Amino acid sequence: MITETQLLDVLSGVIDPEIGRNLVELNMIRDLKVSEDNVVSFTIALTIPGCPLKNQIENDARAAVMSLKGVKDAQITMGAMSAEERQAVFGKTTPDLPKLNQFNKIGKVVAVMSGKGGVGKSSITALLASQLACQGKKVGVLDADITGPSIPKLFGLKSGGLRGSEQGILPEITANGVRVISANLLVPSEEVAIIWRGPMIASAIKQFWNDVLWGTLDVLLVDLPPGTSDAALTVMQTLPVNGVVMVSTPQQLAGLVVRKADSMLKQLGIPVIGVVENMSYYPCDQNHGVRHEIFGPSHVDELAEAIGTTRMLRLPLDPQVTLLGDAGKIEEYTSPDLEKLAALLN
Ligand SMILES: Nc1ncnc2c1ncn2[C@@H]1O[C@H](COP(=O)(O)OP(=O)(O)O)[C@@H](O)[C@H]1O
Ligand SMILES: [Mg+2]
């Protein structure tokens, strides 16, 4: 006799490739039945009806069920979740936040996201923050990429220096006046790795929102963990993000993962306010500014179109970004592109 538990067990090995979580956990399996002659039937409720990965999910689910000894056949009906069910899976679009510290007044929350790591997300977050601060805006950076040490390092902020008061934790302040909070400022030294699991990351993010004395901010930039990972999803559901700046590089793979990230945002109902193609070209000074497309041709137009925005920017590969970033002096970087970057937020 094949039991429901056995079936759910094998089906929990099937991952929705777009969301990165399994079908059972996502509550996608409905009307699960086993007939007397061991034919299994069920419905898979997809998060979006036109899900491009429909066939793959169906095939994977069939293979999983058929792998159980004794199963004669699997009859799968493909369906879709209702809007309410979708919300239950992805959390509320306006998160139920614990009260914001009474001393804080935060204008806009903008998250910086990428399909994968190493595309320059943290560097761009830091440059954007610094540029906005130079324009007279009150800016905060919440480093939500807990396991990456980049944000404090880029600004040259030392670990272990955070101070607090009865009212809350005081953010560090950079040379240009950007207020910064990062878990990496809490650890005793830069070399200490932070190995927190999901729930701890979620509670740290909540604390960074609630228990930090941000004061009045025009904009709070959030450096997200890369991609559509659990950590990224947690952050997006924990903070009231108003919009996202999406960072990519010209490699096609990077474009594909960005589209995946965009799909997650669509499901969460968070708009993309601009696409940045970083390391898009190398301007050759010796050759009258000819642009060498070192990592291949630009995909920013396609990408922006796929995401449904006309706001895009190509940033050059510039060794100064790395040099200044490594030296903790990212704020000293100057380029006319920074104004265009900041303009994405208007
Ligand atoms: N436009 C750029 N030109 C040259 N190097 C860059 C540029 N943007 C980022 N980098 C370098 O690429 C590396 C990864 O950048 P980082 O901001 O840490 O990426 P992420 O946060 O996406 O992992 C760093 O060494 C950084 O200095
Ligand atoms: Mg980073």
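**Close-up 1. Arg291 and the ring of Tyr281 in a predicted model.** In this predicted model, Arg291 sits over the face of Tyr281. The distance to the ring centre is 3.9 Å. Aromatic pairs number 0 in the structure.

**Close-up 2. The open sheet of 8 strands.** The strand order is β10-β11-β7-β12-β6-β13-β14-β17. Pairing in this sheet is mixed. Which strands stand at the edges? They are β10 (172-173) and β17 (312-314). Each has a single partner strand, so one side of each is left without a neighbour in the sheet. Strands of a sheet pair through backbone hydrogen bonds, either parallel or antiparallel.

**Close-up 3. The pairing of β7 with β11.** Strand β7 covers residues 139-143, and strand β11 covers residues 179-182. The two run parallel. How many bridges join β7 to β11? There are 4 bridges. Within this pairing, Leu142 stands opposite Ile181 of β11.

Close-up 4. Helix α9, residues 300-307, lies across β13, β14 and β17. Its direction is at about 165° to β14.

**Close-up 5. The open sheet of 3 strands.** The order here is β3-β4-β5, with mixed pairing. Strands β3 (29-34) and β5 (73-80) form the edges, and each pairs on one side only. Direction ignored, neighbouring strands are turned by 10° against each other on average. Strand β4, residues 39-46, runs parallel to β5, and 8 bridges join the two. Which residue of β5 is the bridge partner of Leu46? That residue is Ala80.

Close-up 6. Helix α1, residues 4-11, lies across β3 and β4. Helix α1 runs at about 135° to β3. Helix α2, residues 54-66, packs on the sheet through β4 and β5. The directions of α2 and β5 make an angle of about 150°.

**Close-up 7. The packing of α6 with α7.** Two packed helices are described by the angle between their axes and the distance between the axes. Helix α6 spans residues 198-210, and helix α7 spans residues 230-238. Their angle is about 35°, and their axes lie 10 Å apart. Is the crossing of α6 and α7 left-handed or right-handed? The crossing is right-handed. From α6 come Ala202, Ile205 and Lys206; these meet Thr234, Val235 and Thr238 of α7. The contact residues divide into 3 nonpolar, 2 polar and 1 charged.

**Close-up 8. Two loop residues with positive phi.** Most residues other than glycine have a negative phi. Asn38 is not a glycine, yet its phi is positive, about 65°. Where does Asn38 lie? Asn38 lies in the loop between β3 and β4. Met279 also has a positive phi, about 55°, although it is not a glycine. The loop that holds Met279 lies between β14 and β15 (282-284).

How values were computed
Residues numbered from 1 in each chain as written. Chains lettered and ligands numbered in written order. Predicted model: local features only at pLDDT ≥ 70, side-chain atom pairs only at ≥ 80, totals over all residues. Heavy atoms only, no water. Phe/Tyr/Trp six-rings, centres within 6.5 Å; stacked < 30°, edge-to-face > 60°. Lys NZ or Arg CZ within 6 Å of the ring centre and 35° of its normal. Pairing = 2+ DSSP bridges. Contact = heavy atoms within 4.5 Å. Axes fitted to C-alpha atoms, helices over the stretch in contact; angles between N-to-C directions. Left-handed = near helix turned anticlockwise from the far one by under 90°. Nonpolar A, V, L, I, M, F, W, Y, C, P; charged D, E, K, R; others polar.
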